[in-house]
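Take a look at it first, then read on.

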Number of protein chains: 2
Amino acid sequence: MEMRMAELSRRSGLSVPTIKYYLREGLLQPGRRTSVNQARYDDAHLERLRLIRALVKVAGLPLDKVREVVQAVSIESSVLDAMGVTQDALVGDVGAVPGEDAALQLLSELVTARGWRCQEGSPAHAAAVQAIAELQAEDLTLLLDRLDEYADAADAVGRIDVRAVAEAENLETMIRGVVLGSVLRRPLLDSLVLLAQQHYANQLNQKIETTRHDTPTRQARA
Amino acid sequence: MEMRMAELSRRSGLSVPTIKYYLREGLLQPGRRTSVNQARYDDAHLERLRLIRALVKVAGLPLDKVREVVQAVSIESSVLDAMGVTQDALVGDVGAVPGEDAALQLLSELVTARGWRCQEGSPAHAAAVQAIAELQAEDLTLLLDRLDEYADAADAVGRIDVRAVAEAENLETMIRGVVLGSVLRRPLLDSLVLLAQQHYANQLNQKIETTRHDTPTRQARA
């Protein structure tokens, strides 16, 4: 179904100046020109605008990263490629970190033990090395001792992510799912973890309170 | 053990001007003055600097948020309070979102079904509503259908987080664990999920490749 700029704006929830800006920047493909200053747009334009909106407003990516992801959706034909480009854009550049060797060693052991086949040179891999190095630098053994439990949870999430997009009807929907899924699922998981933390902290607090009431001798001594 | 500014700088990995800046801003407590322009610092200063460093460099928090968290560690005496302040600082302000009612409804059902006791008015709760509303706005049913599976993973992570800090020897270590854990565990889980995604995308890709080779008739038809 073809539509004018005004309807494209209404249905995408983006202002006309914003859409014109994306057109000038080459992020949105041109419409079908019907006169010198009129053009018609279709569902493909609407879908592209939804994708750009999610990348800009939800993921907060800079315009050159948005361009990379949009080009990947337009050109790449495999889920693996689209996921690679999206991950790279989301992670950004990871510099060298102090204590990298020990962290790399720990991550390699974990990856080997789990049989994960992942890209060693990828920004995601570098980000994992950096995260472990930071925990080691802070000497946070409380968390490092649980690395394997966290990897279990991460394995579950990665599996759900990929299964979700694998059920898409065609490759285009699948790739759009990978891109939007990567961007929108992160804040969802982050916030659900915080709610679960509140729940277990509440439980812990109640346990401490109960212990206090149960042991009047300790309280009297204090 | 007391030390001079030069050693505090060496052991914290922060430059002398940076430490002096934190002193002026009141984030770091003053040292024991030994002459007009000399002071001595101890392990408490080192620990505070480590915390500030993690909040500024790892979490990327603005200075006023760092101040809030540092004050919570200094004053609050319960894990629950320290966790609340840290979560609020990490999440930041969440504005109203379109389609909030439907998302709030979905989240309430999820929270009730799981028996999670969490704070309805907290920024973390608002962030979860926002994340679900974004998925609904993008009509990402592929992911929304798996909300409960993601909540399972989130429950596991939140439980590990709280158990990790609950094993700390004293309340001060526990609170420091909550703060640093919240900040440093997030990039760890994020990057491990990306590696798991790579693994399962690799598997999926291989399956697709195999299917293509197994069905030459479909390939011939294309």
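Predicted model: local features only at pLDDT ≥ 70, side-chain atom pairs only at ≥ 80, totals over all residues.

Residues are numbered from 1 along each chain as its sequence is written, chains are lettered from A and ligands numbered from 1 in the order in which they are written, and side-chain values use heavy atoms, leaving out hydrogens and water.

**Cavities**

- Searching the whole structure turns up 4 cavities of 30 Å³ or more. A cavity is a set of points, on a 1 Å grid over the protein atoms alone, where a 1.4 Å probe fits but cannot get out.
- The largest cavity holds about 100 Å³ of space; a volume is the space filled by probe spheres set on the points, which are joined across faces, edges and corners.
- Its lining (residues with an atom within 4 Å of a point) draws on both chains, including A:Leu90, A:Ser182, A:Arg185, B:Val193, B:Leu194 and B:Gln197.
- Helix H10 (171–214) of chain A and helix H10 (171–214) of chain B each give at least two residues to that lining. Helices here are DSSP runs (H or I, at least four residues), numbered from the N terminus.
- Sorted by class, the largest cavity is lined by 5 nonpolar, 2 polar and 4 charged residues. Nonpolar means Ala, Val, Leu, Ile, Met, Phe, Trp, Tyr, Cys and Pro, charged means Asp, Glu, Lys and Arg, and polar means the others, Gly among them.

**The largest pocket**

- The largest pocket has a volume of about 1300 Å³. Of its 48 lining residues, those closest to the centre are A:Leu90, A:Arg186, A:Asp190, B:Arg186 and B:Asp190.
- A pocket, by the way, is an open set of points with protein on both sides within 12 Å along at least five of seven lines.
- H10(A) gives the largest share of the pocket lining, with 7 residues.
- The pocket's lining splits into 26 nonpolar, 10 polar and 12 charged residues.

**H1 and H3 in chain A**

- Helix H1 (residues 5–12) and helix H3 (residues 43–58) of chain A have axes that come within 10 Å and cross at roughly 45 degrees. Axes are lines fitted to C-alpha atoms, for helices over the stretch in contact, and angles run from 0 to 180 degrees between N-to-C directions.
- That makes H1(A) and H3(A) oblique to each other: under 35 degrees counts as roughly parallel, over 145 as roughly antiparallel, 65 to 115 as roughly perpendicular, and the rest as oblique.
- A:Leu8, A:Arg11 and A:Ser12 in H1(A) meet H3(A) residues including A:Asp43 and A:His45. Contact means heavy atoms within 4.5 Å.

**Two helix pairs in chain B**

- The axes of H3(B) and helix H4 (residues 63–75) of chain B come within 10 Å, crossing at roughly 145 degrees.
- B:Arg48, B:Leu51 and B:Ile52 are among the H3(B) residues that meet H4(B), and the contact has 9 nonpolar, 1 polar and 1 charged residues.
- Helix H6 (residues 100–114) and helix H9 (residues 147–166) of chain B have axes that come within 12 Å and cross at roughly 55 degrees, so H6(B) and H9(B) are oblique to each other.
- B:Leu106, B:Leu110 and B:Arg114 in H6(B) meet H9(B) residues including B:Asp148 and B:Asp152.
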